[in-house]
Amino acid sequence: MSLPDGVERHDFDGETGLATRGDPVYGEATDREWRRWDPARSKLGALLDAGVDTGLAGGETVLYLGAASGTTVSHVADFCGPTYAVEFAPRPARDLVGVAEGRPNLFPLLKDARRPASYAHVVEPVDAIVQDVATRGQARVALENRRFFREDGRLVLAVKARSEDVTRDPEAVFEEARETLSEGYEILATERLDPLHVDHLGIVARPR
């Protein structure tokens, strides 16, 4: 599987890992302009490292839901075009603003991904949605944000079983998420992210 333009496998002190070009953010290894993309800190990074075809080619306009302090979305902004980063919690959003200072294509939004109408006036049509939110109803969040897609976009979703229901079997949670998601998406690929991200399922889909 070819990686998106702007993402490469690069050598860091004898170890090969995914990398993008940009300012370091979270203490990751660097080599000149390259910064290592740690798959243990990023669900999208784990999917790419596992060889999953995410449908991302590089240069896309992206809506990132659940940006937190900016670990993964900083790499996304390194190889994509305009990147709208939605984060609900004020403390990590402040860190996200700092990450965006060196990335003019990264636009932090202190908003709730469950309420896309609150940022619909800001976000342009996008080619891809990357979602990593720790809330109940994660598949429903993806459905609510489907409105932002251009034709034939891609959703890359990390489903966190423990955020849905810590008492349920993760496989049952994942199956329910897939069923809900199928109301508005065609699922193209799934990948368990254990052991790097315990009880997480990566899903790649496109809007119907």
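**Entry 1: overall fold**

I counted secondary structure first: the chain has 6 helices and 11 strands. I took these as DSSP runs, helices being H or I with at least four residues and strands being E with at least two, numbered from the N terminus. The model is predicted, so I note that local features need pLDDT of at least 70 and side-chain atom pairs count only at pLDDT 80 or more, while totals for chains, interfaces and linings use all residues. Residues are numbered from 1 along each chain as its sequence is written, and side-chain values use heavy atoms, with hydrogens and water left out.

Next I checked the size. The C-alpha trace spans about 45 × 35 × 35 Å along its principal axes.

I looked up burial too. Of the 208 residues, 51% count as buried. Buried means under 20% relative accessible area, exposed over 50%, and partly exposed in between, with a 1.4 Å probe and protein chains only. For contacts (heavy atoms within 4.5 Å), I took those with a separation of 6 or more; residues 24 or more positions apart account for 55% of them.

**Entry 2: the cores**

I then searched for nonpolar cores. I used sets of buried Ala, Val, Leu, Ile, Met, Phe, Trp, Tyr and Cys residues joined through side-chain atoms within 4.5 Å. The largest has 29 residues, and Leu63, Leu65, Tyr119, Val123, Leu155, Leu181 and Tyr185 have the most contacts inside it. Elements that each supply at least two of its residues include strand E5 (62-65), helix H4 (138-144), strand E9 (149-160) and strand E11 (200-207). Another core, of 28 residues, lies apart from it; Val7, Tyr26, Trp37 and Ala85 are among its members. In soluble globular proteins, nonpolar side chains tend to be buried together.

I picked out Leu155. Beyond four places in sequence, Leu155 touches Ile129, Ala142, Phe149, Leu181, Tyr185, Ile203, Val204 and Ala205.

Is Gln138 buried or exposed? Gln138 is buried, at 0% relative accessible area. The residue lies in helix H4. Leaving aside neighbours within four places, I found Gln138 in contact with Gln131, Val133, Ala158, Val159, Lys160, Ser163 and Glu164. From Gln138 to Asp11 I get 36 Å, C-alpha to C-alpha, across 127 residues of sequence.

Ala177 sits in helix H6 (residues 170-181). Its relative accessible area is 10%, so Ala177 is buried. With neighbours within four places set aside, Ala177 is in contact with Ala139 and Val159.

**Entry 3: helix H2**

Helix H2 (residues 71-79) is mostly covered, with 8 of its 9 residues buried. The buried set is Thr71, Thr72, Val73, Ser74, His75, Val76, Ala77 and Phe79.

**Entry 4: backbone exceptions**

Most residues other than glycine have a negative phi, and most peptide bonds are trans. I looked for exceptions. Asp194 and Pro195 are joined by a cis peptide bond, with omega about 0 degrees. Pro195 is in the loop between strand E10 (185-192) and E11. Asp199 also belongs to the loop between E10 and E11. Its phi is positive, near 60 degrees. Asp199 counts as buried at 15% relative accessibility.

Ala68 has a positive phi of about 50 degrees. Ala68 lies in the loop between E5 and H2. At 34% relative accessibility, Ala68 is partly exposed.
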